[in-house]
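Please look over the sequence and the model shown here before reading the notes. They are arranged by topic, so that each point can be followed in the coordinates.

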Amino acid sequence: MKQLEFNKSKVNNFKFPKTLTGIQGLDDITFGGLPKNRSTLLLGNTGCGKTIMAMEFLINGIVIYDEPAVFIAFEEKTDELVQNVKSLDYDLDAHLANNKIYLEHIQINPDEIKESGKYDLEGLFIRLGQAINKVNAKRVVLDSLDTLFYNFDYKMLRSEFKRLLSWLKEKQVTAIITSEIGDAFLTREGIEEYVADCVITLDNRITNQISTRRLRIIKYRGSFHGNNEYPFVIDEKGINVFPIISEASQKESITTRITSGIKDLDEMLGKKGFYDGSSILISGTAGTGKTSISASFAYSVCETGKHCLFCAFEEAPNQIIRNMRSIGLNLDKLVKSGSLTFYYSRPTLQNLELHFLAIKKIIDEVKPNVVILDPITNLMTEGPNNDIRSMLTRFVDYLKTQHITVMFTAAITVGSIERNPSDEGISSMVDTWIMVQDIEVDNERTRSLCVIKSRGMFHSNDVRKFNISDKGITLMPIITGNKGSLSDTKRKAKEHQNLSTT
Amino acid sequence: MLNKKKIDTKFNVESNLAGKEKYILRLFITGILPNSVRAVKNIKTICEQYLKGRYDLEIIDIYQQPSLAFTEDIIAVPVLIKKFPLPEERMIGDLSNIKNVLKELDLV
């Protein structure tokens, strides 16, 4: 027993030394960054973003952690490199001037390499050592190893590579070495991964004509790490890895409520409305008023001085503003006052990850209390279902950790209207599910609304007819006939009858 | 080793020597690592045997003068650079394959 306790405390005290990359998401899945003072192999085909990721590691090191860096380029010339990363907003010139980074292009001209007898790569080591000393570097990148492999003897390289890694360790630098992946081996020569302490692969896959970049940690000696493939994007602000954030469940739950903006709907939801920070799904067929319901919600949120982000994937913001004016919601005023922000993007423009990242970025900027996605189903056409589900889960988790209330609308096709709309499994991850339907009764279409589920509150089980008028959305009083829903005319008659009988 | 050298001399064409051009050679080494020591020994032998009196050999230890590794763009060591006669040529290794070295130096 004592032994057990001893072991446990030992494990808890140990902390593997790591170097933060400063790359969003990557530090999460590596639980704190790359192994400190060791080398990480970054593998991937051409165009995967190896150079950019490596460069971002260095720049973040300089800017955030004040660790000078050395970049050894075997492929690109230094001035080309400076130019190339400028488009990512990295100003290498300034760091070069401040002696914070040292770039060196090592050119290997195969014509010049004529071998006669044994040799080693000591020249490279000397140059690397000089470069490290020049800026007192803590971070080093070698990009990419393949040039060496093309030109030198394989056996020699094998031992030299091992020597390089232990040499870098001695120099107390955290290094990234990039290389391309071969088909047969993890790396072209099938050797490097045995000696490296951490191996990360990058991948650029195309499914349904939309490309997705993914990152996976293949091995990480001495540390736990996320095992999955994580999507990442490269945009003008650099690299962004999108991990599943698993903290959501550990966060304390909120008991405060937020009104739905429709008085009668609040009544149905335990008389108080939604929970703050919960997720709400509005599903229904075309023309049932999903956008109107979400716009009403947005309106009421903004009216109470909170901030709302409306992500439109179907209609352009102007169109939504115009349309909502017809039901008495002046969204324009809210946009101008800054309490309502629109994000508009065509779903086919980019993949799901990019959409979510774009939204995430806006969230980080404007810090809204409520996010509305209208409709989520449009996004779902882009990519296989599994991807979408996991992506949505991640997104909802992310919003939960930020205590943001999220409302999705989902358009369902008429065929699948029966209580169990496909919804790609999103119904299980939402807290409140409201279904709107078009019911045809006596040659009259009637809009109806019901709360299918709402976690943690008593909610009405009634199917309520609702009206969309220039005064907004109102729910009709409950009138039950013998045969379920009534058409408008019949309802009026019934109302009359009820009145006369009482 | 000795045998090999003898064979090499057979191939040696006298007319090449008639050029009487002066060779400028630079050998870059790293201290007393085995490859470097061998390279020094080999190049000295070759020079004495084939370029007697018309060569300028400079042996540079890049441990002592690391900046030269940059200016001469050196990665693999030992490396022999023939500065003259033009064109400039490079050869990496301990120069144990004398036949190759001679061919590279245009002495065959």
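The model is a predicted one, and chain A has a mean pLDDT of 78, with 80% of its residues reaching 70 or more. The secondary structure of chain A amounts to 17 helices and 22 strands, and buried residues account for 44% of its 502 residues.

**Confidence along chain A**

- Among the elements of chain A, the lowest mean pLDDT, 49, belongs to helix α1 (residues 2–13), while the highest, 91, belongs to β15(A).
- Over residues 1–11 of chain A the pLDDT stays under 50, and the model has zero contacts beyond four places in sequence for this stretch.
- Where pLDDT is low, the predicted coordinates should not be read in detail.

**The nine-stranded sheet of chain A**

- Nine strands of chain A make up an open sheet with mixed pairing, in the order β16-β15-β17-β18-β14-β19-β20-β21-β22.
- The edges are taken by β16 (340–344) and β22 (472–475) of chain A, each of which has a single partner strand, so one side of each is left without a neighbour in the sheet.

**Helix α11 of chain A**

- Helix α11 (residues 290–303) of chain A lies across β14 (279–284), β15, β16, β17, β18 (405–411), β19 (432–441), β21 (464–469) and β22 of chain A, and runs at about 165° to β17(A).
- The 14 residues of α11(A) reach 20 Å from the first C-alpha to the last, which is close to the 20 Å expected at 1.5 Å a residue.
- Because 13 of its 14 residues are buried, α11(A) is largely enclosed by the rest of the structure.
- After α11(A) comes Gly305(A), whose phi is positive, near 85°.

**Other features of chain A**

- Of the contacts in chain A between residues at least 6 apart in sequence, 71% join residues at least 24 apart.
- Strand β10 (residues 229–235) of chain A and strand β11 (residues 238–241) of chain A are antiparallel and joined by four bridges, and they form a hairpin with two residues between them.
- In this pairing, the bridge partner of Val233(A) in β11(A) is Asn240(A).
- His459(A) is placed in the loop between β20 (444–454) and β21 of chain A, and counts as partly exposed because it has 19 C-beta neighbours inside 10 Å, whereas a buried residue needs 20 or more.
- Leaving aside residues up to four places away in sequence, His459(A) touches Met268(A), Leu269(A), Gly270(A), Val451(A) and Ser454(A).
- The C-alpha atoms of His459(A) and Lys271(A) are separated by 8.3 Å, although these residues are 188 residues apart along the chain.

**The four-stranded sheet of chain B**

- Chain B has an open sheet of four strands in the order β2-β1-β3-β4, again with mixed pairing.
- At its edges stand β2 (55–61) and β4 of chain B, each with a single partner strand, so one side of each is left without a neighbour in the sheet.
- The twist from one strand to the next averages 20°.
- Seven bridges pair strand β1 (residues 23–29) of chain B with β2(B) in the parallel sense, and in this pairing Arg26(B) stands opposite Glu58(B) in β2(B).
- Helix α3 (residues 34–50) of chain B packs on the sheet, where it touches β1, β2 and β3 (79–84) of chain B, and its direction makes about 165° with that of β1(B).

**Where the two chains meet**

- The contact draws on 23 residues from chain B and 20 residues from chain A.
- On the side of chain B that touches chain A, α4 (67–71), β4 (89–92) and α5 (98–104) of chain B each supply at least two residues.
- The residues on that side of chain B comprise 13 nonpolar, six polar and four charged.

Methods
Residues numbered from 1 in each chain as written. Chains lettered and ligands numbered in written order. Predicted model: local features only at pLDDT ≥ 70, side-chain atom pairs only at ≥ 80, totals over all residues. Pairing = 2+ DSSP bridges. Contact = placed C-beta atoms within 7 Å. Axes fitted to C-alpha atoms, helices over the stretch in contact; angles between N-to-C directions. Buried ≥ 20, exposed ≤ 12 C-beta atoms within 10 Å, placed from the backbone. Nonpolar A, V, L, I, M, F, W, Y, C, P; charged D, E, K, R; others polar. pLDDT = per-residue confidence, 0-100. Expected span 1.5 Å × (residues − 1).
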